Amino acid sequence: MSNKKRILSVFVLLIFLSVGVLAQGFHRGNQNGSKMMERGRHHFMSPLRMYKMLKMHRDKLNITDDQLNKIKSLSFYLEEKKTKLKNENRLLKVKLQEELDNTNINYNNVRSILDKMSQNRTALFIEGLKVKKEIEKILTPEQLSKIRELKMQRMMRMRKNRMKMMKNKKQGGNR
């Protein structure tokens, strides 16, 4: 493998890794619960997860069948879209590897493939935001408030469990 190929391969790999890490962080939100609460932000919940949570707590949240069906429809629409775009990106990744494996790399093809992969990730993120906003329109302000409370309770339980685990590790390590 020539020096140019190695350098380009490393560069492309770095782009993939940085875009992937940034996209995950951007999509999933900050994983540190205390910082989220300080800033007043809430963790992004996927529409499918939201649907399952609403279904489980439908009585507590006073969710109607109509609301649940609309949210279910939106959730599965997004899951289908997500599956299609992720599969398309997997195929593009194979094409990119094939292009990088050529003796004479066509930089325009590499750029085109990377651009398309980026467009797919952007489209998925935008669709997720749109579905989230649609779900917020379906739910009443009271329901949204109760959902936030449930999320906070869950976050506090998770934090408490994490603290217990850390305490148990410390105690186990000192013996």
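**Entry 1: threonine 64**

I started at threonine 64, which is partly exposed, with a relative accessible area of 39%. The model is a predicted one, and I read every value below as computed from it. Threonine 64 sits in the loop between H4 and H5. Leucine 139 lies 75 residues away in sequence from threonine 64, and their C-alpha atoms are 9.6 Å apart.

**Entry 2: asparagine 62**

I stayed in that loop. Asparagine 62 is also placed between helix H4 (58–61) and H5. I checked its backbone: phi of asparagine 62 is positive, about 55°, although the residue is not a glycine. I noted this since most residues other than glycine have a negative phi.

**Entry 3: H3 against H5**

Next I turned to the packing of two helices. Such a pair is described by the angle between the axes and the distance between them. At what angle do helix H3 and helix H5 pack? I find about 155°, with the axes 8 Å apart. H3 covers residues 47–56 and H5 covers residues 65–101. An angle over 145 degrees counts as roughly antiparallel, so H3 and H5 are roughly antiparallel to each other. The crossing of H3 past H5 is left-handed.

I listed the residues that meet. From H3 come Pro47, Leu48, Tyr51, Leu54 and Lys55. From H5 come Leu68, Ile71, Lys72, Ser75, Phe76, Leu78 and Glu79. Sorted by class, this contact of H3 with H5 holds eight nonpolar, one polar and three charged residues.

**Entry 4: serine 75**

I picked serine 75 out of that list. Serine 75 lies in helix H5. Is serine 75 buried or exposed? Its relative accessible area is 1%, and buried means under 20%, so I logged serine 75 as buried. Leaving aside residues up to four places away in sequence, serine 75 touches Pro47, Leu48 and Tyr51.

**Entry 5: the whole chain**

Last, I stepped back. How many helices and strands does the chain have? I count seven helices and zero strands. From the N terminus on, the order of elements reads α-α-α-α-α-α-α. The chain has 175 residues, and 27% of them are buried. I also looked at contacts with a separation of 6 or more: residues 24 or more positions apart account for 73% of these.

Methods. Residues numbered from 1 in each chain as written. Predicted model: local features only at pLDDT ≥ 70, side-chain atom pairs only at ≥ 80, totals over all residues. Heavy atoms only, no water. Axes fitted to C-alpha atoms, helices over the stretch in contact; angles between N-to-C directions. Helix = DSSP H or I, 4+ residues; strand = E, 2+ residues; numbered from the N terminus. Parallel < 35°, antiparallel > 145°, perpendicular 65-115°, else oblique. Left-handed = near helix turned anticlockwise from the far one by under 90°. Contact = heavy atoms within 4.5 Å. Nonpolar A, V, L, I, M, F, W, Y, C, P; charged D, E, K, R; others polar. Buried < 20%, exposed > 50% of the residue type's maximum accessible area, 1.4 Å probe, protein only.
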